[in-house]
Amino acid sequence: MSPVDSNQANHSILCPEAPIQRTQYPYVTGTSVVAIKYKDGILMVSDLGGSYGSTLRYKSVERIKAIGKHSLLGASGEISDFQELLRNLDELILYDNMWDDGNALGPKEIHSYLTRVMYNRRNKFNPLWNSLVLGGVKNGQKYLGTVNMIGVTFEDDHVTTGFGNHLARPILRDEWHENLTYEEGVKLLEKCMRVLLYRDRSAVNKLQIAKITEEGVTISQPYSLKTFWNYAAFENPTSGAEGSW
């Protein structure tokens, strides 16, 4: 073997190819986000659980953040990818503020930006492993939309992510109306989160509710819901089932 070949062989042994730097599998994840329009603005709720695989490892992970002056963002999925998105959005808001032109990005513009980012990353086979909910109010107009990890996006009067698509959305279809007061909206969201707590193993009884109106953003302190676990179906879930023990 020539000296050149020997050096190349040694280099390949000592300096192997760098590992692929992308989210191939989500590690620490958050579960459902639920959001609705109400009479004065947008309400959004999520719990504070962070699951490491199937283990509910973290119980203080905040997944709702204010974005600029007019928007509120909630996320399900990989927490580190959500943090990366927040860094990108901070840069976007800072760049927008640098113009100092009296205007600020609204929820529609932020949502459009997020849809392009998610779809672009999906096309590179390097997705951000999140489902996002973006709500806000600007110039009296309420806006609520969602986008998932492959860029599928839509707007609606109420949106959910994760298990909420299966368990909370039917409740919202039955009980939501456009003239909900703040108190009625909070009660409806708490009902959705209580159902998710009973049925979603990744949910934790510690949640935050956020609201955004023309006056600004308010995110509540974490609190717990009152629950009841003595339902007959909970105490004996296999009663009457064929082949049950």
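Which backbone oxygen lies 3.0 Å from a polar atom of the side chain of Asn130? Keep the question in mind during the tour; the model on screen is a predicted one.

**Stop 1: Asn130.** Select strand E8, residues 130–138, and find Asn130 in it. Asn130 has 2% relative accessibility, and because buried means under 20%, it counts as buried. Now show Ser76: its backbone oxygen is the one that lies 3.0 Å from a polar atom of the Asn130 side chain. Leaving aside neighbours within four places in sequence, Asn130 is also in contact with other residues, among them Gly77, Glu78, Phe82, Met118 and Asn148.

**Stop 2: the largest pocket.** Its volume is about 430 Å³. Of the 22 residues that line this pocket, select Pro26, Thr29, Gly30, Gly77 and Trp129, which are the closest to its centre. Strands E1 (28–30), E7 (71–78) and E8 each give two or more residues to the lining. E7 has the largest share, with three residues. By type, the lining divides into six nonpolar, 13 polar and three charged residues.

**Stop 3: the largest nonpolar core.** This core has 19 residues; select Val34, Ile36, Leu43, Val45, Leu188 and Met193, those with the most contacts inside it. Strands E2 (33–38), E3 (41–47) and E12 (207–213) give two or more residues to the core, as do helices H5 (169–175) and H6 (182–199). H6 gives the most, six residues. Next, pick out Val45: leaving aside neighbours within four places in sequence, its contacts include Val34, Ile64, Leu189, Met193 and Ile209.

**Stop 4: a second core.** Finish with a separate core of 16 residues, including Ile67, Leu86, Ile110 and Met118.

Note on methods
Residues are numbered from 1 along each chain as its sequence is written. This is a predicted model: local features need pLDDT of at least 70, side-chain atom pairs count only at pLDDT 80 or more; totals for chains, interfaces and linings use all residues. Side-chain values use heavy atoms; hydrogens and water are left out. A nonpolar core is a set of buried Ala, Val, Leu, Ile, Met, Phe, Trp, Tyr and Cys residues joined through side-chain atoms within 4.5 Å. Buried means under 20% relative accessible area, exposed over 50%, partly exposed in between (1.4 Å probe, protein chains only). Helices (H or I, at least four residues) and strands (E, at least two) are DSSP runs, numbered from the N terminus. Contact means heavy atoms within 4.5 Å. A polar contact is a pair of N or O atoms within 3.5 Å; within protein, one must be able to donate a hydrogen and the other to accept it, and residues adjacent in sequence count only if both atoms are side-chain atoms. On a 1 Å grid over the protein atoms alone, a cavity is a set of points where a 1.4 Å probe fits but cannot get out, and a pocket is an open set with protein on both sides within 12 Å along at least five of seven lines; lining residues have an atom within 4 Å of a point. Grid points are joined across faces, edges and corners, and a volume is the space filled by probe spheres set on the points. Ala, Val, Leu, Ile, Met, Phe, Trp, Tyr, Cys and Pro count as nonpolar, Asp, Glu, Lys and Arg as charged, and the others, Gly among them, as polar.
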